[in-house]
Amino acid sequence: FTIIMDAFFPLVSQYISLSPESREALAAILKEMELPKGHVLVKPDSTCRYVYFIEKGLTRTFYYKDGKDVTDWFSAENMFACSIISFLTRTPDRRGIELLEDSVLWAIHHDDLEKLYGQYHDIERFGRLLVSNGIIQVQQRFDDLHFATAAERYHTLMNTHPDFIQRIPLGMIASYLGITQETLSRIRAKH
C-alpha cells in the first residue's frame, strides 16, 4: 500500500492537489492486482469496467481489423490503461487490453469512482482532467498517424519511450506506428 502512495498520488498531484480525505477515499477503492504476462485485462468486444494504474509492467491496447491484430496504444509504469470509450459509456468496445509483461496494477472500478465523484469535488475534477488529458493524447495520436511520416512517428515514440524498443516485440511497434515490420527495420537501420 505504501508503494501506491509513492507512485499513484504523485501522478495524481500532477493534475490536482487532493484533500487528505479525498486521498484516503481514493486509496480505499484501489484494488491491487499482480498478473502475468499475456493476461487479457479487457477482452475485445466487452465492457471495460476498470481504469488501471500501472505500478510495474506494460500493457497494449489492440483490436482486430480484417482478421489482423492491430496495436492501438501502449501503457507503462506510472500510466493508466483503459478502454476510455467503453469505460465512460458502459458499453462494449472493439478494443482489448493485454499485459506484455508480468505486471502490478491498481484497479479502480467505474461504480466506485462514480460514487466518489458525487462525494468529493476534487476527485471529480481529477477525473475530468484525466479524461481531458486522454482526449489530448488520442488527438495527438490521430494527428501523428495522419500527418507525420513513419520516421517521425518512430522518433516520437523513441523520444517519449526509448525503453519500448527493448520491451515490446517489433511487430507490435510497427503495428502501433501504422507501418510494416520491414519499414520499421529500414527506419531503425538509418538511425
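Predicted model: local features only at pLDDT ≥ 70, side-chain atom pairs only at ≥ 80, totals over all residues.
On the α6 side, the contact is formed by Arg 153, Tyr 154 and Leu 157, and on the α8 side by Ile 173, Tyr 176 and Leu 177. By residue class, the contact of α6 with α8 comprises five nonpolar residues, no polar residue and one charged residue.

Helix α6 spans residues 150-160, and its buried residues are Ala 150, Arg 153, Tyr 154, Leu 157 and Met 158. Viewed down the axis of α6, these buried residues fall within an arc of 135°, so they line one face of the helix. An α-helix has 3.6 residues a turn, so residues three or four places apart point the same way. The cover over the buried residues of α6 includes α5 (121-147), α7 (164-167), α8 (170-177) and α9 (181-190).

A further helix pair is formed by α2 (residues 20-29) and α4 (residues 110-119), whose axes come within 10 Å and cross at roughly 165°. Helices α2 and α4 are therefore roughly antiparallel to each other, and α2 passes α4 in a right-handed crossing. In this pair, Ala 25, Leu 26 and Ile 29 of α2 meet Asp 112, Leu 113 and Leu 116 of α4. The residues of the contact of α2 with α4 divide into five nonpolar, no polar and one charged.

Definitions and conventions
Residues numbered from 1 in each chain as written. Heavy atoms only, no water. Axes fitted to C-alpha atoms, helices over the stretch in contact; angles between N-to-C directions. Helix = DSSP H or I, 4+ residues; strand = E, 2+ residues; numbered from the N terminus. Parallel < 35°, antiparallel > 145°, perpendicular 65-115°, else oblique. Left-handed = near helix turned anticlockwise from the far one by under 90°. Contact = heavy atoms within 4.5 Å. Nonpolar A, V, L, I, M, F, W, Y, C, P; charged D, E, K, R; others polar. Buried < 20%, exposed > 50% of the residue type's maximum accessible area, 1.4 Å probe, protein only. Arc of directions from axis to C-beta.
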